[in-house]
Amino acid sequence: MEVLITMMRLAKLSLNGFKSFANKTDIAFEAPVVGIVGPNGCGKSNVVDAIKWVLGEQSAKSLRGGAMLDVIFNGSSARKPAGLASVALTFDNPAKPDGTRDLPLDYDQITVTRQLYRDGSSEYLLNKQRCRLRDIKELFMDTGVGTTAYSTIEQGKVDVLLQASPQDRREIFEEAAGISKFKARKVESVRRLQRIE
């Protein structure tokens, strides 16, 4: 008897005009483990910021900025500022032997894109189709991927997790166990019932 185990994995990160990435930059995650290494100030933290941002991070402070427009490349002595910041995150989403997929879309790869323009307008794309932030959040709910999920732990956050309150730890475990989607649906249903009343 042969058992085939597949899983959703991060395949590629594409950045263009995001923070220190003035030129289009693709980072392919081909091996089981990929490390991004470099000296201080080379943009390693900007890679983490890009992943959080494309998944819907709304706090400029969490992205180490004063305003959301700070994520757009601001220019240098040799280059003019970019007109927009664009980040695309591509996940492998292979079909399992039973025909199901980790993400409930019938595509072998799923690309989530976020773009922010200098005029303040922005958009989210799911496989090049416009969508809402809510659609992105619901897609990744209970997968361990997201702005508040356990899959992205920044430098300095490990200590915060160790000292977290029991309630904060519970939220991390609920996300890992796959029940936060149902709790979010319950909250939305209760809100609808209250509006109807």
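In helix H2, which spans residues 133-140, the buried residues include Leu133, Ile136, Leu139 and Phe140; buried denotes under 20% relative accessible area, with a 1.4 Å probe and protein chains only. Seen down the axis of H2, its buried residues fall within an arc of 125°, so they line one face of the helix; the arc is taken from the directions from the helix axis to the C-beta atoms. The model is predicted: local features need pLDDT of at least 70 and side-chain atom pairs pLDDT 80 or more, whereas totals for chains, interfaces and linings use all residues. Residues are numbered from 1 along each chain as its sequence is written, and side-chain values use heavy atoms, leaving out hydrogens and water.

Helices (H or I, at least four residues) and strands (E, at least two) are DSSP runs, numbered from the N terminus. Six strands form an open sheet in the order E2-E1-E3-E4-E5-E6, with antiparallel pairing; pairing requires at least two DSSP bridges between two strands. Strands E2 (25-28) and E6 (129-131) stand at the edges with a single partner strand each, so one side of each is left without a neighbour in the sheet. Strand E5 (residues 122-126) is joined to E6 by 3 bridges, and Leu126 has Gln129 in E6 as its bridge partner.

H2 packs on the sheet, touching E3, E4, E5 and E6, where contact means heavy atoms within 4.5 Å.

Ser14 is found in strand E1 and is buried, with a relative accessible area of 10%. Among the residues that Ser14 touches are Lys24, Asp26 and Ser86.

Note on methods: Buried < 20%, exposed > 50% of the residue type's maximum accessible area, 1.4 Å probe, protein only. Axes fitted to C-alpha atoms, helices over the stretch in contact; angles between N-to-C directions. Lists of a residue's contacts leave out its neighbours within four places in sequence.
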